[in-house]
Structure formats: structure tokens, C-alpha cells
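Okay, thanks for coming, everyone. Let me put the structure up, and then I'll walk you through the ligand sites.

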Amino acid sequence: DSSSGPVLKRADTIADSMPDALRQSRFHMKKCFARFVARGKRLLKHQQIMEDLEKAVEDRGERNKLLEGLLGYILSSTQEAAVVPPYVAFAVRPNPGFWEFVKVTADDLQVEGIEATDYLKYKEMIFDENWASDENSLEIDFGAIDFTTPRMALSSSIGNGLNFTTKILSSRLNERSQSSNALLDYLLSLNHQGENLMINDKLNNLTKLQTALKVAETYVSALLKDTPYQRFEERFREWGFDKGWGNTAGRVKETTRMLSEVLEAADPLKLESLFSRLPNMFNIVIFSIHGYFGQADVLGLPDTGGQVVYILDQVRALEEELLQKIKLQGLSVKPQILVVTRLIPDAKGTKCNQELEPIINTKHSHILRVPFWTEKGILRQWVSRFDIYPYLERFAQDATIKILDHLEGKPDLIIGNYTDGNLVSSLMANKLGVTQATIAHALEKTKYEDSDVKWNEFDEKYHFTSQFTADMISMNSADFIITSTYQEIAGSTNKPGQYEAHTAFTMPGLCRVVSGISVFDPKFNIAAPGADQSVYFPFTEKQQRLIEFHPAIEELLYSKDYNEEHIGYLEDKKKPIIFSMARLDKVKNLSGLVEWYAKNKRLRSLVNLVIVGGFFNPGKSKDREEISEIKKMHSLIEEYKLKGQFRWIAAQTDRYRNSELYRCIADTKGAFVQPAMYEAFGLTVIEAMNCGLPTFATNQGGPAEIIVDGVSGFHIDPYNGDESSNKIADFFEICKTDPEHWNTISKAGLQRINECYTWKIYAKKILNMGSIYGIWRRLNKEQKLAKERYIHMLYNLQFRNLARKVPIPGEASFDPAPMA
Ligand code: UDP
Ligand code: LCN
């Protein structure tokens with residue numbers, strides 16, 4: 001923590017201060033650096049650096065003194081070090097988003113500040129020396145092409161890009177001559193499917209517009225507030241105004257006043273209010289391609305989890321917000337939201353083989369499914385998200401045609417989800433010239449250690465080369481990026497964020513990314529999702545409880561039968577239950593939780609364990625990770641004799657029943673445990689908390705931000721099973737003597753949710769972003785074009801070749817379905 005150690009003076013760089021620091025402990029440091037280089041070339045992680053330090057400075061007092069000093073501060077902010085004797089190159093991260101690279105010569109402790117490029121080259125020397133020394137190896141540098149976008153300066157501003165952008169935008173608009181015209185041009189361009197909105201050509205210069213606004217404002221001020229727009233529509237048209245100002249005289253008056261004020265002198269607050277009511281958003285396209293995207297019977301299938309839940313809830317929230325806005329604008333337009341996904345002919349009993357499906361609980365929103373094509377015809381079966389790259393270009397083209405047809409025109413905003421959806425959204429937004437947003441439910445890069453430098457080891461299974469290239473393309477092409485938490489962008493004090501991990505990295509033999517993205521780019525925004533509160537409500541709301549599910553849930557939890565749906569059983573029904581539910585992916589670590597439980601006698605004596613995930617027969621799965629997890633679960637049950645204390649339930653697809661399951665677990669005074677090795681956000685965490693279930697969740701990723709440890713739930717360390725299982729056991733021991741403790745945590749969890757994690761807050765924010773970034777991209781046309789050309793080259797010369805290497809399953813068969 002930088003606040004407790006000796007803080008670097010603001011002006012000091014690490015390269016400036018490190019020599020002094022080394023000099024102060026020269027004897028020990030020489031020993032320490034000798035250790036670093038003794039084993040030849042290697043990549044040292046933070047933990048190993050600290051271990052080497054411990055061994056080199058055996059005396060504890062000495063060591064503590066050193067750690068408390070400047071050197072301790074530098075080493076503790078070091079993320080990793082590339083050892084290429086006699087050099088040790090350090091990657092130091094003093095604060096979220098801030099990196100510095102230094103090279104130290106081990107024998108004489110000379111220090112030199114180096115650039116990211118040089119640091120990456122040292123790293124490459126460890127893995128591929130020839131490539132590292134090739135002067136012309138491919139470097140990707142978005143920083144060099146993007147030099148006009150203003151950047152934020154503070155770690156604390158990261159994720160609040162809308163605010164910053166609005167400030168810059170308002171000062172640009174105040175630069176009279178050209179930029180006010182930009183606002184005028186923007187207003188003139190507003191229309192819905194060819195029908196002009198707000199102002200027409202009569203008001204084609206600022207003076208005319210400002211004069212007309214005064215006349216209009218005076219006129220509506222004299223009317224009763226509720227007077228409908230229709231009453232004075234004719235008059236307005238004569239003056240040069242079209243629809244969109246408001247549904248009543250009162251509303252119209254506010255809008256005219258807002259615009260007048262912004263034209264006089266824009267300030268961020270007024271600008272944001274004005275833009276939040278302009279009629280610029282009616283149709284939205286959302287891409288979510290992989291997995292089984294459906295409204296029933298899909299959750300828990302491979303690659304099918306929170307993303308689907310998130311998008312369906314998002315659509316409902318956005319549509320509701322759009323309808324309300326449009327009404328206030330005085331328009332009678334029907335907003336359309338289209339979720340575009342893959343059509344899977346072998347739909348496994350789901351509706352994923354249907355082309356068009358209305359979205360439940362919406363008025364005008366649909367799911368549109370478009371198939372994947374191979375040379376042999378339509379691809380019939382599900383493919384893993386890791387193998388999805390060869391189909392995306394064709395998919396983007398086919399989908400674009402269908403979308404334009406369905407919407408009878410272009411959408412106003414295109415939102416991508418995950419690597420595949422984001423790439424397709426980039427292709428389409430670029431082609432149509434539409435505002436683009438991306439969402440990355442998870443960036444896979446940070447989930448697997450050294451997945452960049454060791455890409456060769458991973459590529460056959462995971463195709464990370466395609467994935468990371470696609471991610472870089474879409475994060476750079478997006479007008480704004482929606483994230484769920486701060487940590488997703490810039491991590492925490494000790495740990496870099498998911499996007500931050502794309503700032504500078506290398507894939508030796510393929511490309512060196514010296515500047516992939518800047519987390520200080522004002523395109524980054526945090527808008528956290530919620531859980532549908534009509535489904536996930538507290539266990540205490542007795543009237544609402546879905547008691548019709550109780551017999552089935554009782555059976556699910558306690559019957560002694562072994563069948564397709566559950567194995568194992570619970571002997572002692574009086575014990576609280578600790579519960580977890582997830583896809584049976586390796587990172588979800590459900591088998592890890594079973595192992596912690598199995599090994600902790602105290603925990604086993606206090607509670608039962610129930611897990612929902614996957615299914616039991618490995619022969620039935622096509623997913624590599626799922627198969628190995630299934631096998632591991634079975635062997636743990638045998639090895640630790642878990643029968644009688646552990647119930648394993650197969651994947652559940654009914655969210656209503658699941659919500660009641662969370663609540664029934666709360667009835668046992670149990671807890672939810674989310675043990676993932678890494679979790680991007682973690683919807684189950686907020687579902688559980690919404691139901692009033694005390695929650696223990698991984699400290700790796702989003703949940704660390706959702707829960708305030710010890711207050712609204714607890715953090716657990718997935719890399720330290722003993723500590724985690726003891727923390728859970730401690731909680732239940734305390735609850736035994738003080739039952740109020742359980743209630744306190746349960747209530748604090750609910751309070752946290754209601755303050756920070758709801759869909760209403762989310763929808764408002766997203767629509768404001770669409771509006772502000774929509775004009776922002778117009779004002780920065782030249783920069784945008786330069787970047788698009790650079791991205792296009794990367795797409796054409798790099799991505800396409802990588803995607804071509806991903807194998808296409810053999811069984812692709814002809815399908816008589818007509819071409820798109
Ligand atoms: N889920 C489910 N049945 C299962 C497993 C998961 O309904 O067998 C749901 C769960 O309730 C949540 C979503 O799938 O809504 C999982 O979202 P989360 O963000 O926890 O993880 P993801 O699967 O997106 O990585
Ligand atoms: C995907 C994940 O892995 C989760 O962490 C998120 O909660 C989910 O998507 C929804 O964003």
C-alpha cells in the first residue's frame with residue numbers, strides 16, 4: 001500500500017530514486033541480485049522476487065528495515081522482472097495504470113530507466129531470443145496512431161470517462177467558430193428513419209437558431225405546462241422546429257432553455273442534461289454470439305452463463321428507459337433492440353435453431369439468429385468460444401444484411417459482448433458508421449498466467465493469438481467501453497486490471513504490443529449490472545416466495561436417490577448449507593471448493609455442501625474443461641468419502657426455481673460461496689446477495705469490489721484453500737453462538753446491492769454514453785479514421801491469418817437453408 005510506505009516524491013521516477021535506494025543496502029542487494037541472476041534467464045513474478053529477497057537477507061530485522069524503506073516500496077510495486085544475466089529488467093506499477101520499467105545490472109547495481117519496448121524485448125529473450133533481436137519484428141503501437149484523444153491523468157478518474165468526455169466536449173463547444181457549428185450540424189442531422197427531428201434547414205446558422213429559440217421559449221412559457229406538443233406543432237414548424245423537443249409545453253420549455261444556455265456557454269452538467277434528452281437513440285443492436293443464447297433451458301450449458309442473463313436483463317432495462325424517454329420527447333416511435341446471436345441447427349432442445357424470437361417482458365425487442373457458414377454449408381453444431389474465429393467475418397456480413405432488413409435502417413448504437421461479439425460489432429459499426437460500444441464479460445488474457453509470452457503452449461487449445469488480436473482490435477475501435485467494475489479496467493493497488501494487462505505485452509514470435517490500450521482513455525466507463533429484482537428478492541419476503549417450488553427443491557436437496565439430476569446426499573438436515581452454482585469451467589473452481597470442504601474437518605462438522613454445476617457423465621460433454629472437472633469431482637467424492645455431507649446437483653436452467661433455491665439455502669442459515677480462480681464480475685454473487693444469503697466470494701476479480709470484506713460478505717482467496725475454508729468455518733462457529741451475526745451480514749449484503757447494483761442506474765448511464773460519445777466521435781472524425789485504417793491493416797494482415805489456423809469441425813454438413 002503506497003500510503004503506508006515511504007512515498008516517492010511526485011517528481012521522482014523509479015529510475016531516479018532506485019540507485020540511492022540500492023546504495024543504502026548495497027551489501028544485501030548485491031546478494032539479492034546475485035540470487036536473481038544465478039539461475040539464468042527467467043521471468044520472475046512478484047512472489048518469487050519477495051522469496052529471493054527473503055533468502056538473500058536472512059536477518060529478519062534487517063529485512064524489515066529494508067522493506068520499510070524506498071527499496072521495499074519499489075520491490076513491492078514490482079509486478080514482474082525479466083532476468084537476462086547480467087540484467088534484471090523490472091516492470092514496476094506504483095499505482096493503478098502507471099507503469100515504469102528499469103534495468104539493473106546485477107554485479108554493479110547500475111540502474112537505467114527503459115521504455116516498454118525494451119522491457120518487452122528482455123522478456124522475449126527468455127522465450128525466443130532470435131525474435132527478440134530481430135530489428136523488424138512486428139510492433140503494435142496504438143499510442144503512436146492515437147495522439148489527439150485527450151487522456152485523463154489520475155488513477156481515481158479511470159472508469160469515469162463519460163464525465164471527463166463531457167467536460168472536454170463542453171470546452172470544445174465553447175470554442176465558438178467551428179465547434180458550435182458542430183452542435184448545430186449535429187442537431188440538423190437528427191432524424192428517425194428519414195423523418196427530421198428537432199430543427200430543420202431553416203435554422204441553418206447559429207444566429208437564426210438562437211433567435212428562434214428565444215421566440216419559442218417565450219411562446220411556450222405562456223402556455224399551460226401540460227399543453228400537448230401537438231397543439232403548437234404547426235407554429236413550431238413555421239419557426240424551423242420539428243418534433244423531439246418534448247411532449248408538453250413544460251418539457252419543451254426546459255429543452256429550449258437548455259439548448260440556449262449551452263449555446264451561450266456550455267458547461268458539463270448542462271451539456272449532459274441536454275444530451276440525455278435529445279432524440280438520438282431508437283434502435284440498438286447487441287451482439288452476443290457464442291454459447292446457446294436463449295430465454296429458457298440454456299443456462300449452465302457450455303459457454304452459456306452470466307452473459308446471457310446480463311443481456312436479457314440489459315435489454316429489458318434499456319427498452320424501458322428508451323420508451324420513457326421517447327414518450328417525454330413527444331414522439332411515437334417504437335424503439336427496437338435486437339440481440340444478434342448464432343443460429344445452431346443442432347439446438348439440443350433449446351430454441352437456438354429459431355431465427356427470430358420476441359424477448360419476453362419487452363414490447364419490441366427480439367433475438368435474431370444467424371448461422372455460421374463453412375465451405376461445406378451451415379455449421380450445425382455448437383462450437384466452443386475458443387474455436388469461434390473462422391466464422392466471424394462471414395457472420396458479420398450476413399448479420400448486417402439481416403439487421404438492416406429487420407430494423408428498416410441502421411441502428412443508432414451497436415453493442416458487442418465478449419471477444420466474438422465485440423469483433424463483429426467493430427466490423428459492422430465501421431462499415432455503417434455507427435457508434436460502437438464493447439463489453440468484455442471476461443478478457444481471457446488475465447485468466448491464464450503468462451498466456452501471452454507462452455502463447456505457443458496455449459494456442460492449440462485456446463487460440464489466444466486470435467482472441468487477443470481480436471480483443472485489441474475491438475477495444476481500439478470502440479467509441480466507448482462498458483465495464484462492470486473498476487478492477488476490470490485497472491485492477492487494484494496490487495493487481496493490474498484486465499484491460500490494463502493489454503497496455504504493453506508481447507507474444508514472442510508473433511507481435512510485440514508496445515501500446516495496446518490506455519486505461520486513461522476516456523472511453524472507459526463503469527456501469528455495473530444488477531440482478532432482476534422481481535426474481536431475486538430476499539428470503540424474508542414471505543408473501544412473494546415461490547412456494548410452488550418447495551417440494552421439488554426439498555427433493556433436489558435432500559432425497560437419497562441418485563439420478564440424472566443429483567448425486568450424493570445430506571445425512572443431517574439440520575445443518576446449514578453452503579452452496580455454490582456455476583458452469584463447470586476450470587476457472588470457476590467448483591472442484592476446488594469441494595476439495596477445501598473435503599479437507600476441513602471443522603467445516604464438515606458445521607455445514608453441508610451443495611453444488612449446482614454441469615452434469616455427471618463425462619462422456620456426455622464436448623467441452624474439454626468440463627470433462628476434466630467432472631472427473632475430478634467424482635474422484636474427490638470417493639477419496640474423501642463425502643457421501644452424507646455433499647450433494648452435487650446438475651446444471652439448473654430455471655431462474656425462478658434457482659432464485660427460490662438461493663432463498664431455501666438462506667432458510668437453513670447457510671451461505672453462498674463463489675470460489676473462482678478469477679471472476680470478471682460474478683452475477684451469482686449479486687443474485688445470492690439479493691436473496692439475503694451471506695456470501696463468500698473470490699478476491700480475484702469483480703466480487704472483490706462488490707463485497708466489502710467483513711461487512712457485506714467476505715472475500716476468500718482461491719489460491720489459499722485452507723485459509724478460505726477456515727474463514728467460512730469461523731463464520732459458522734460465530735453464528736452458532738451469536739445467531740444475529742448471520743442476520744447482520746445478510747442485511748448489509750442487501751443494502752450494498754440496493755445502493756450500487758441495479759439495472760435502472762445501468763440503463764440511464766448507457767443511454768447517456770451512447771448520446772455523448774455519439775457526438776464525440778463526429779467531432780474527432782480525422783483521428784477516428786486514422787485509427788480505423790490502422791485497425792483494418794491489423795485485421796487484414798494479422799487476424800485473418802490467425803483465424804484461418806483455427807480448425808473447423810469435420811461434421812459441417814450441407815444445409816438446404818437458403819443463403820442470407
Ligand atoms: N446459472 C444457472 N444454472 C447453472 C449455472 C449458472 O442458472 O447451472 C446462472 C447463474 O444463476 C447466473 C449465471 O448463470 O445467472 C452465471 O453468471 P456468472 O456471472 O456467475 O458467471 P458466468 O457463467 O457468466 O461466467
Ligand atoms: C461472464 C462472466 O464470467 C461473469 O463474471 C460475469 O458476471 C458475466 O459474464 C456477466 O457479465
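This is a predicted model: local features need pLDDT of at least 70, side-chain atom pairs count only at pLDDT 80 or more; totals for chains, interfaces and linings use all residues.

Residues are numbered from 1 along each chain as written, chains are lettered from A and ligands numbered from 1 in written order, and side-chain values use heavy atoms, without hydrogens and water.

So, ligand 1. Which helices supply at least two residues each of its shell? Those are α15 (306-329), α25 (655-667) and α26 (683-690). There are 19 residues around ligand 1, and Gly-306, Arg-583, Lys-588, Gln-652 and Glu-687 come nearest; "around" needs a heavy atom within 4 Å. By type, the shell splits into 8 nonpolar, 7 polar and 4 charged, with Ala, Val, Leu, Ile, Met, Phe, Trp, Tyr, Cys and Pro as nonpolar, Asp, Glu, Lys and Arg as charged, and the others, Gly among them, as polar.

Now the polar contacts, meaning N or O pairs within 3.5 Å. A side-chain N or O of Glu-687 sits 2.5 Å from an oxygen of ligand 1. Gln-652 puts a polar backbone atom 2.6 Å from a ligand 1 nitrogen, and a backbone N or O of Gly-306 is 2.7 Å from a ligand 1 oxygen. Alone, ligand 1 exposes 530 Å², and the protein buries 93% of that (Shrake-Rupley, 1.4 Å probe).

On to ligand 2. Gly-306 turns up here too, in a set with Gln-307, Tyr-310, His-441, Glu-679, Ala-680, Phe-681, Gly-682 and Leu-683. The largest share of this shell, 3 residues, comes from α15. Which side chains reach the oxygens of ligand 2? Glu-679 does, with a side-chain N or O at 2.3 Å, and so does His-441, through a polar side-chain atom at 2.4 Å. Phe-681 uses a backbone N or O, 2.8 Å from a ligand 2 oxygen. Ligand 2 alone exposes 290 Å², with 91% buried by the protein.

Phe-386 is in the loop between β14 (377-378) and α16 (392-407) and Phe-464 is in α19 (464-477), so the pair ties together parts 78 residues apart in sequence.

Conventions:
A polar contact is a pair of N or O atoms within 3.5 Å; within protein, one must be able to donate a hydrogen and the other to accept it, and residues adjacent in sequence count only if both atoms are side-chain atoms. Helices (H or I, at least four residues) and strands (E, at least two) are DSSP runs, numbered from the N terminus.
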